[in-house]
Amino acid sequence: MQLTLPQKTLAQQLQIVTRALPLRSTVSAVEGVLFSSDGQTLSLTATNLEMGIRTQINVNSQKKGQVVLPGKIMEIVRRLPGDSVSISVNPENFLTTILSGQAEFQVYGLNAADYPELPAFLPEQAKLSFSVKTADLRRALRQTLFAVSTDESKPAFTGVLFTLQDNSLRLVASDTFRLAATYCQLEEMSTAGEFLVPAKSLQEVLRILTDDETIVQAAVIGNQLFLQYEAINFSTRLLDENFPNVERVIPQEFCGEATLETENFLHTIERAALLSAEDNNIVHLSIGSGSMVVRASSKLGKIQESIPLELEGEGVEIALNARFLLDMLRITEGHQCFLQITGPNKPCILKDSLDTDYLYLVLPIKL
Amino acid sequence: MRKQQEPDYLRLQRELQVGKIRPVYLFYPEEDYLAEQAAAELVKKFFPHAEAKAASAVVDGREHALTEVVAMTDTVSLFGGSRLLLVKNAPYFAKGQRLTKELLQRLLVKNHEACLVFFAPEISFTAKVVKELNARGAVFRFEPLKGYALQNWVKQQLAAQGKNISGENLTFFVERIGGDLRNAANEIAKLAAFLGEKKEVTKESIMAVCTRTIQADIFALVDAVVYGRTKEALFFLRDLLAAGEPALLILAMLIRQFRLLGEAKELLAAGENDLAGALKIHPYAAKKVSAQAAKTSMSYLKRAVELLAQCELDIKRGRIEPVLALETLIVALGAK
């Protein structure tokens, strides 16, 4: 393999694919990035065997070929001094020479034959498929991913449930202490269905996607979810677990609904959390007509603060985890938020005034 | 005769069988597999319906204050019912940790529907809160199983798989797989799968599927050396090396075994009856060492120690390649 390409382009693409690199693997080739050139296109591939990322760059390659270079290649390319990079591989021993400006690296490569084959994206075999704007998918992931569990003893809750129905995509995540559910308008979809995607993979999707109108093509083939976005091909294994039916635990009737200024509410909880974080993370909310009193205490002291609200229906005394409230309030875009109350020691729901389809259910601490 | 105390894992099993579930458990998991197994049984008993199991959670105690953990347990459950929280690496009961009287009260009188299980790698048994929990029977020590308790546990696990084992084969199995319960559980699963419909565990079935531990192999190696079966000893040595055991580790185990032999010979000569207690080894190992000691003379043991020391020196000074050094040593030890 012998090719020349702009240093910036290669560094950018390597930054994307190396997100799939494992920290350590029993297969040494998996710890590297597969460089594969067919003469016109250079493909970069990385995988941790759970998820894989492949990007493509148009190049003018003098000689085609393949090599696996160590994960460190990202750092090497990022620090190269020249505007362009020339890569040539000795096919006998895979010794790879990287030239840029006055710098010359010789990197020990591995045989590409030892690299595992990534699951193939064959759209005609897709069980389910859909397309969505990147900005919409990013918003939905931002709204749900933080509510996922990290508890490996309940694997179903370490994923986000995707449900395709009526040309929309519903995303649900829960760690059993709170639940986040949102919708995404789809550009197109095949049939209705649902699947569970590991949150770890979706965190990387969130980092790779940009907030714009570009369309992401998605398909479920076998036990893999494939996403195609510009020159990036992303694949992840799906979780083979049953996500419980959470729809029945989402309250449909409320005894009261408070409307609050988001910024006001956020800053008050942040202040209360300064003390509660030292202890049990609990903030007590006394919701009454016209105002809400927020109280928290720890060994450092106490705080009590009143904030104005508009209340329809009954108020309540409730204790919530401050961190859970902050997770949602920090991503709320509307200047108002709604707190729907179902009674003492019962779940409450937070909503964003700018996106009322987004629902965040928080379970209280028993008083 | 002093009545043998019931191991805590059996006490917990007995409590669960009669439906007794405590609000707080303090597990001291010296044998972590036993503690995990107990916790799994507790979860099963606490949540008879599979879906409700979502209300159980595992958290790392190093990442949460005790007050936060208590608040998590007291959080309303998503699917109704009560919560059960398993707190791994709970540091709250170690020496130097301060638990206030208020917190102790909260732990003990907290809502009895929820259940909190602490896995504490370090426990200060003189701490007031631990004493209080201990007095209520909420402290469970999961100690490594030895001798009869280990055999009893293996027998129980085999019975759970519908398999029977004779006393002799049970001893053979335990000798072969060692005292690590996680490893033992894997070997039992292998054995059950191998036997299929057959009920009786035979020596042949154990030999066919159960992997020997390095300890068991070293016993076999020393046995072969001491009884002059050099060819067999070399076979065991190659087996150990092929299994990836480092040559220096094998040498260290040989040195330990010959040191035990020397000590056993002296103790037996002095009329010691409890060899296992005096050498702090498993009764089965003591029985083996005792038989080997009877077969060896003191002059042979002295020469063996010299050969072992020389072998270690030669390897460490780089005079000889380690595998060749071990082979030479085995041949020399075999020449009586």
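Q: Which residues touch the most other members in the largest nonpolar core?
A: This is a predicted model, to start with. In its largest nonpolar core, A:Leu10, A:Phe35 and B:Phe118 touch the most other members. That core holds 129 residues.

Q: And what does the second core include?
A: That one is separate and has 44 residues, among them B:Ala35, B:Phe46, B:Phe47 and B:Trp153.

Q: Okay, sheets now. What's the strand order in the open sheet of chain A?
A: Going across its 9 strands, you get β6-β2-β3-β4-β18-β17-β16-β10-β14, with antiparallel pairing.

Q: Which strands sit at the edges?
A: β6 (65-70) and β14 (188-189) of chain A, and each of them pairs on one side only.

Q: How many bridges link β17 and β18 of chain A?
A: There are 6, in the antiparallel sense, between β17 (residues 224-229) and β18 (residues 232-237) of chain A. As one example of who faces whom, A:Tyr229 stands opposite A:Ile232 in β18(A).

Q: What about helices, which strands does α3 of chain A lie across?
A: Helix α3 (residues 134-144) of chain A lies across β10 (128-133), β16 (215-221) and β17 of chain A. The angle to β10(A) is about 100°.

Q: And α4 of chain A, which strands does that helix lie across?
A: Helix α4 (residues 199-208) of chain A lies across β4 (51-58), β17 and β18 of chain A, and runs at about 165° to β18(A).

Q: Switching to chain B: at what angle do α12 and α15 pack?
A: About 160°, with their axes 10 Å apart. α12 of chain B covers residues 247-269, and α15 of chain B covers residues 298-316. Over 145 degrees counts as roughly antiparallel, so that is how α12(B) and α15(B) are related to each other. α12(B) passes α15(B) in a left-handed crossing.

Q: Which residues meet there?
A: From α12(B), they include B:Leu251, B:Ile255 and B:Phe258; from α15(B), they include B:Leu301, B:Ala304 and B:Leu308.

Q: One last thing, is A:Phe162 buried or exposed?
A: Buried, because its relative accessibility is 2% and the cut-off is under 20%. A:Phe162 lies in strand β11 (residues 159-165) of chain A.

Q: What does A:Phe162 touch, beyond residues up to four places away in sequence?
A: Its contacts include A:Phe130, A:Leu141, A:Leu169, A:Phe195 and A:Leu202. As for distances, A:Phe162 and A:Val172 are 10 residues apart in sequence and 6.9 Å apart in space, C-alpha to C-alpha.

Note on methods
Residues are numbered from 1 along each chain as its sequence is written. Chains are lettered from A and ligands numbered from 1 in the order in which they are written. This is a predicted model: local features need pLDDT of at least 70, side-chain atom pairs count only at pLDDT 80 or more; totals for chains, interfaces and linings use all residues. Side-chain values use heavy atoms; hydrogens and water are left out. A nonpolar core is a set of buried Ala, Val, Leu, Ile, Met, Phe, Trp, Tyr and Cys residues joined through side-chain atoms within 4.5 Å. Buried means under 20% relative accessible area, exposed over 50%, partly exposed in between (1.4 Å probe, protein chains only). Two strands pair if DSSP finds at least two bridges between them. Helices (H or I, at least four residues) and strands (E, at least two) are DSSP runs, numbered from the N terminus. Contact means heavy atoms within 4.5 Å. Axes are lines fitted to C-alpha atoms, for helices over the stretch in contact, and angles run from 0 to 180 degrees between N-to-C directions. Angles under 35 degrees count as roughly parallel, over 145 as roughly antiparallel, 65 to 115 as roughly perpendicular and the rest as oblique. A crossing is left-handed if the near helix is turned anticlockwise from the far one by less than a right angle, and right-handed if clockwise.
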